[in-house]
Amino acid sequence: MIDKIVPSVDHAVADIPDGATVMIGGFGTAGIPFALIDALIRRGARDLTIVNNNAGNADTGLAALLKARQVRKIICSFPRQTDSWVFDALYRAGEIELELVPQGNLAERIRAAGAGIGAFYTPTAYGTPLAQGKETRLIDGRHYVLEYPIHADYALIKALKGDRWGNLVYRKTARNFGPIMASAAKCTIAEVSEIVELGALDPECVVTPGIFVKRVVPIRGDASTATANAA
Amino acid sequence: MKRWTREQMAARVALDIHEGEYVNLGIGLPTSVANHLPRDREVFLHSENGVLGMGPAPPQGEEDFDLINAGKQPVTLLPGGCYFHHADSFAMMRGGHLDICVLGAFQVSATGDLANWHTGAPDAIPAVGGAMDLAIGAKRILVMMEHQTKSGESKLVPRCTYPLTGVGCVTRVYTDLAVIDITPEGARVVEIVAGLSFEELQRITAVPLLEPLATTVNI
């Protein structure tokens with residue numbers, strides 16, 4: 001019997017090695033897999049490359065992973081926020097590498113990796129500092145910049161419900177990067193608020209088919225609600 | 001000099017948003033345009049983190065932090081609204097499906113170049129978010145900004161001195177003094193604040209202005 005459900009977040013991340021590229025879902029705090037990140041901190045893997053839209057908020061989640069000095073490089077679109085003091089300090093001290101990517105290019109580079117696309121031309125960032133040194137091309141009168149996919153060893157994402165085959169549905173805007181990151185990583189781990197029986201998810205409404213998901217781990221309580229209450 | 005307030009600027013932009021249009025309102029001043037859309041005009045508000053049919057902020061105590069906008073503020077969903085992932089959301093922009101993006105700016109050039117993401121200061125931590133995607137992400141790119149900097153310099157410039165967000169992308173600029181179209185012929189004044197002449201406006205604007213095509217409308 002196929003069973004992708006693992007008993008705990010610590011089991012789920014136990015094989016993430018030093019030097020891995022890890023995608024982490026979430027936009028702001030919506031969809032951040034807090035329980036998996038905390039497990040990754042306990043796991044202690046170092047020298048990581050992290051892909052997320054931001055670079056951590058306050059002292060929890062991704063910011064805590066940065067604070068634990070486990071991250072060598074971050075690929076993101078918007079690191080600077082009012083509460084990104086952990087990233088800001090590491091960046092100013094030259095202790096973390098930043099690859100700044102426009103948000104839509106970040107999403108499409110992740111999507112491209114999952115879809116087996118070798119590279120693509122995008123109009124975003126043409127003529128700006130973020131396209132410097134990149135190949136460009138004029139197609140049908142419009143300028144484009146060549147961008148390459150972002151592959152990952154692991155993706156840590158958060159979903160609302162999952163089953164033992166790895167099918168997932170999300171909650172509201174917490175969906176954000178989850179579905180595309182799931183397809184772009186060799187091993188995708190989803191923390192879910194609820195495990196449901198096979199067949200309980202409406203097949204017309206499954207957002208991430210289980211083929212993209214290796215491990216599903218139930219978490220007690222709802223991390224997003226906890227965050228909302230804390231904020 | 002009489003100037004339009006930020007509320008008046010937002011109300012003016014709202015006049016140019018029509019029934020049935022798909023619209024992304026940028027973070028900050030552009031967000032306030034939503035407050036000026038009449039209730040009986042159906043407009044689809046898009047937020048790049050994955051919402052179409054976005055509604056107003058929820059009442060205090062009813063916030064759901066899984067339902068936020070691009071500025072990470074809690075919002076609501078209108079009946080008929082829907083959620084989608086980031087690649088779909090930016091396909092809506094890049095693919096030309098949105099009608100309008102309203103953005104703020106540091107500078108706009110005479111040819112419609114936009115600078116709004118980075119001051120270029122050497123000690124600034126760069127952050128771009130969706131700015132460059134939005135700049136090329138709609139059929140019409142509308143910019144709201146003060147006409148001048150705090151020190152009185154024109155924000156309409158022959159050439160942007162701040163790092164660019166997009167090239168030749170801006171279609172119309174709404175300042176606290178005028179509404180100006182960026183056209184192939186140049187920057188054409190559409191409206192001027194009451195009490196300001198075209199010549200006075202030209203004197204404080206660093207790019208050559210074209211006279212309005214029809215009678216100047218003062219509001």
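Biologist: Over how many bridges do β8(B) and strand β10 (residues 172–174) of chain B pair?

Modeller: This is a predicted model, in which local features need pLDDT of at least 70, side-chain atom pairs count only at pLDDT 80 or more, and totals for chains, interfaces and linings use all residues. Residues are numbered from 1 along each chain as its sequence is written, while chains are lettered from A and ligands numbered from 1 in the order in which they are written. Strands (E, at least two residues) and helices (H or I, at least four) are DSSP runs numbered from the N terminus, and two strands pair if DSSP finds at least two bridges between them. β8(B) and β10(B) run in the parallel sense, and the number of bridges is 3.

Biologist: Which residue of β10(B) is the bridge partner of B:V143?

Modeller: The pairing of β8(B) with β10(B) is parallel. Within β10(B), the partner of B:V143 is B:V173.

Biologist: Which residue of β8(B) is the bridge partner of B:G104?

Modeller: Strand β5 (residues 100–104) of chain B runs parallel to β8(B), joined by 5 bridges. The partner of B:G104 in β8(B) is B:M144.

Biologist: Why is β8(B) largely enclosed by the rest of the structure?

Modeller: A residue is buried if 20 or more other C-beta atoms, placed from the backbone, lie within 10 Å of its own; it is exposed at 12 or fewer and partly exposed in between. Strand β8 (residues 140–144) of chain B is largely enclosed because, of its 5 residues, the number buried is 4.

Biologist: Which residue of β12(B) is the bridge partner of B:I180?

Modeller: β10(B) pairs in the antiparallel sense with strand β11 (residues 178–183) of chain B over 3 bridges, and a hairpin of 3 residues joins them. B:I180 of β11(B) is the bridge partner of B:V173. β11(B) also pairs in the antiparallel sense with strand β12 (residues 186–192) of chain B over 6 bridges. In β12(B), the partner of B:I180 is B:V189.

Biologist: Which element gives the largest share of the side of chain A that touches chain B?

Modeller: Contact requires C-beta atoms, placed from the backbone, to lie within 7 Å; 40 residues of chain A are in contact with 31 residues of chain B. The elements giving two or more residues to this side of chain A are α4 (85–92), α5 (103–115), α6 (178–184) and α7 (223–230) of chain A. The largest share is 5 residues, from α5(A).

Biologist: What percentage of the 231 residues in chain A do buried residues make up?

Modeller: Chain A has 7 helices and 11 strands. Its C-alpha trace spans about 50 × 40 × 30 Å along the principal axes. Buried residues make up 52%.

How values were computed:
Contact = placed C-beta atoms within 7 Å.
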